[in-house]
Amino acid sequence: MGTVTIAAIVSGCGSEPAPQAKPPAKADAAAAKKSKAEKAAAAAKVKANELGQVPVLMYHRIIPNPATTDDRTPAQFRADLDRLARDGYVPVTAAEFVTGRMDIPAGRHPVVITFDDSSPSQLTLDETGQPKPDTAVAILREAAARHPGFRPVATFYVTRDMFGKSVKEEQAQVLLWLKDNGFDVGNHTRDHLNLRGMAKAGVQEQIGSIAKEVGTLAGIKPVTIALPYGNQPSTKEWAARGRLGDASYHHKGVFLAGYTPSASPFSRSFDPLGIPRIKAMDKKGDCAQFCSTAWLDWLKSNPDMRYTSDGDVATVAYPKFKNPFLSTTYKTYALPY
């Protein structure tokens, strides 16, 4: 589901066409009603449910020999992406998700792929400026080539350990590559400290300093933040908005490290200050119920609970009986069927 704003595109050259008479208002209303009915019928055909849940997957390192359960091997990551493609998912960035700009085909489901800690295993460029084999970005691009329509996008939450680079020019090079290739860069605080119980000044220092750095290096203003350890500061709003010196930050989404899919951004239950993510892992131990494989199985078995796009960037489509769950913010764009 893409942005719920409607843009008018005006183009032309040479002489202007002769003005046309405006149809009567009654005819306009009838045409609009017919158009909405046609859109509703198309949404019903694909069983669109843009009030459904969205999996936000949390990754860390992609390495051959995982040291912790947070890591995945390249082979595991490839299998994860193949499974998402088979199940009809299309990746969107965290920024697209929180702003409702999920422009994916009708009948498909959005998935948000996130990476924490800006590890070299996520992106390292070779001498030609291309992602090295078996890095997360290279694997994502391979998956997109294998599965037409599978977008090679993700969100990278950065700290000062910026993909293993300490030279400013090299940091800028990696950030600009991500920016220029459609990837999303988010805030993960400067030092990856636990913000729980930290004073407001410390929270703003941790968040504001890395926001200022990526802005200076690559002209990027992070739209979202992922909190270290998933822990919120004592006042949740400090993670979303703050000021450090003459610079400010304003995040439209704050991501946690929880165990459930997220509510749709169009739903009344969506909390932009506490968006859950799902750890990427197989069904083992606690993950038998609460990690990515388990939740993707559940969403597949409960399709009525999963976000399904109507393919129209100007509407929020859903079965009529779900109307009470629509956020009043999006009432104008509602397309119940």
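A residue counts as buried when its relative accessible area is under 20%. Ser118 has 1% relative accessibility, so it is buried. The model described here is predicted.

**Two positive phi angles in one loop**

Ser118 lies in the loop between E3 and H4. Its phi is positive, about 45°, although Ser118 is not a glycine. Asp134 has its place in the loop between E3 and H4 as well. Phi of Asp134 is near 70°, again a positive value in a residue other than glycine. Asp134 is partly exposed, with a relative accessible area of 35%.

**Strand E1**

In a regular strand the side chains alternate between the two faces of the sheet. Strand E1 covers residues 56-59, and both of its faces are covered. Val56 and Met58 are buried on one side. Leu57 and Tyr59 are buried on the other.

E1 has strand partners. Four bridges join E1 to strand E3 (residues 109-116), and the two run parallel. Two bridges join E1 to strand E10 (residues 278-279), also in parallel. Leu57 takes part on both sides: its bridge partner in E3 is Ile113, and it stands opposite Ile278 in E10.

**Helix H5**

Helix H5 spans residues 168-180. How far apart should its ends be? At 1.5 Å a residue, its 13 residues should span 18 Å.

Which residues of H5 are buried? They are Gln171, Ala172, Val174, Leu175, Trp177 and Leu178. The cover over the buried residues of H5 includes helix H4 (136-146) and helix H6 (200-218). It also includes strands E4 (155-158) and E5 (184-187). Just after H5, Gly182 takes a positive phi of about 85°.

**Thr308**

Thr308 is in the loop between helix H9 (292-301) and strand E11 (316-318). Its relative accessible area is 5%, so Thr308 is buried. What does Thr308 touch, leaving aside its neighbours within four places in sequence? Its contacts are Val46, Lys47, Ala48, Asn49, Glu50, Gly107, Arg108 and His109. With His109 there is also a side-chain polar contact of 3.2 Å.

**Salt bridges**

The whole structure holds 20 salt bridges.

| Asp70 | Lys279 | 3.5 Å |

Take the bridge between Asp70 and Lys279. Asp70 lies in the loop between E1 and helix H2 (74-86) and Lys279 in strand E10, so the pair ties together parts that are 209 residues apart in sequence. Asp70 is partly exposed, at 29% relative accessible area. Lys279 counts as buried, at 17%.

Glu205 is in helix H6 and Arg190 in the loop between E5 and H6, 15 residues apart. Glu205 is partly exposed, with a relative accessible area of 30%. Arg190 is partly exposed at 23%.

Asp297 sits in helix H9, and Lys283 in the loop between E10 and helix H8 (287-290), 14 residues apart. Asp297 is partly exposed at 25%. Lys283 is partly exposed at 45%. Asp297 and Lys283 belong to a network of salt bridges that also links Arg83, Asp87 and Lys300.

Notes. Residues are numbered from 1 along each chain as its sequence is written. This is a predicted model: local features need pLDDT of at least 70, side-chain atom pairs count only at pLDDT 80 or more; totals for chains, interfaces and linings use all residues. Side-chain values use heavy atoms; hydrogens and water are left out. Buried means under 20% relative accessible area, exposed over 50%, partly exposed in between (1.4 Å probe, protein chains only). Two strands pair if DSSP finds at least two bridges between them. The expected span of a helix is 1.5 Å times one less than its number of residues. Contact means heavy atoms within 4.5 Å. A polar contact is a pair of N or O atoms within 3.5 Å; within protein, one must be able to donate a hydrogen and the other to accept it, and residues adjacent in sequence count only if both atoms are side-chain atoms. A salt bridge is a side-chain nitrogen of Lys or Arg within 4 Å of a carboxyl oxygen of Asp or Glu.
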